[in-house]
Amino acid sequence: MNVIPIPCLSDNYSYLIVCEESNQAGIVDPSEFAPVWEVIQREGVNLVAILNTHHHWDHVGGNEELQKKIPGLKVYGHHSDKGRVPGQNVMLQDTDKIKIGNLEGHLTHNPGHTSGAISFYFEDSVFTGDTMFAGGCGRLFEGTPQDMYQSLNEKIGHHSPATKVYFGHEYTENNLKFALSVEPENKWVQEKLAETIKLRKSGKFTTPSTLESEFQTNPFMRCDSPEIQKTVQNRDPGNDLSPSSILAVIRKMKDDF
Ligand code: ZN
Ligand code: FE
């Protein structure tokens, strides 16, 4: 399997997943047509599927033009996103499998950012859209803090720590600055932020991360950190410090960061 990140719009990533044995490929979240099509042509792959993590325009913007170019293209999305994902022709159930050539993937339904949000798994990689970012998570547009807590920590988080995390936006630098503001003594965040600033200065991507790194640096996956709990208590003295109550407070703080 080869994964090619394709920067789109101002800070989105689409990802081309290539089965090297068959030369078939799938595209995760084609934000827009032109940059994605350029890479598909350059690589000379046979695109068989669009994999949408959720219905937002910046993740599905290229769907219809790709479908026009390639009749019969499969367009995957969660069954609950039916009618919201342009051109969707496969309504995924949580236990479904997805084939790209000889690659077989699966999904988790991880509501929180949106009600139909899903992540796709192929080999040692997960594609998380706007649910898990490096150092952060998406805004809670259609879900509760409890939904997002479970999605990040229990659904995606129960996979192997070595799992590579391919996320939907290049927000890493800002996310880690926020992470440091709620957990200033976290050495992993300090180091990763310094590394991230260096990468971004030289125009490099910060994708992919790993689940291990997220458990070390992502405040939304560190609700058991005493330092984060102290931050939350200062902000909200009556907080019961349950994981979802902590996530609720830091998500709100991030909204205003
Ligand atoms: Zn989104
Ligand atoms: Fe997005």
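Q: Is H59 buried or exposed in this predicted model?
A: Buried means under 20% relative accessible area, exposed over 50%, and partly exposed in between (1.4 Å probe, protein chains only). H59 has a relative accessible area of 0%. Therefore H59 is buried.

Q: Is D58 buried or exposed?
A: The relative accessibility of D58 is 9%. That value makes D58 count as buried.

Q: Which residues are the protein donors of the iron ion (ligand 2)?
A: Donors are N, O and S atoms within 2.8 Å of the metal (3.2 Å for Na, K and Ca); water is left out, so sites may look incomplete. Here the donors lie 2.1 to 2.3 Å from the iron ion (ligand 2).

Q: Which residue coordinates both the iron ion (ligand 2) and the zinc ion (ligand 1)?
A: The two ions are 3.3 Å apart.

Q: How are residues and ligands labelled, and which residues count?
A: Residues are numbered from 1 along each chain as its sequence is written, and chains are lettered from A and ligands numbered from 1 in written order. Local features need pLDDT of at least 70, totals for chains, interfaces and linings use all residues, side-chain values use heavy atoms without hydrogens or water, and side-chain atom pairs need pLDDT 80 or more.
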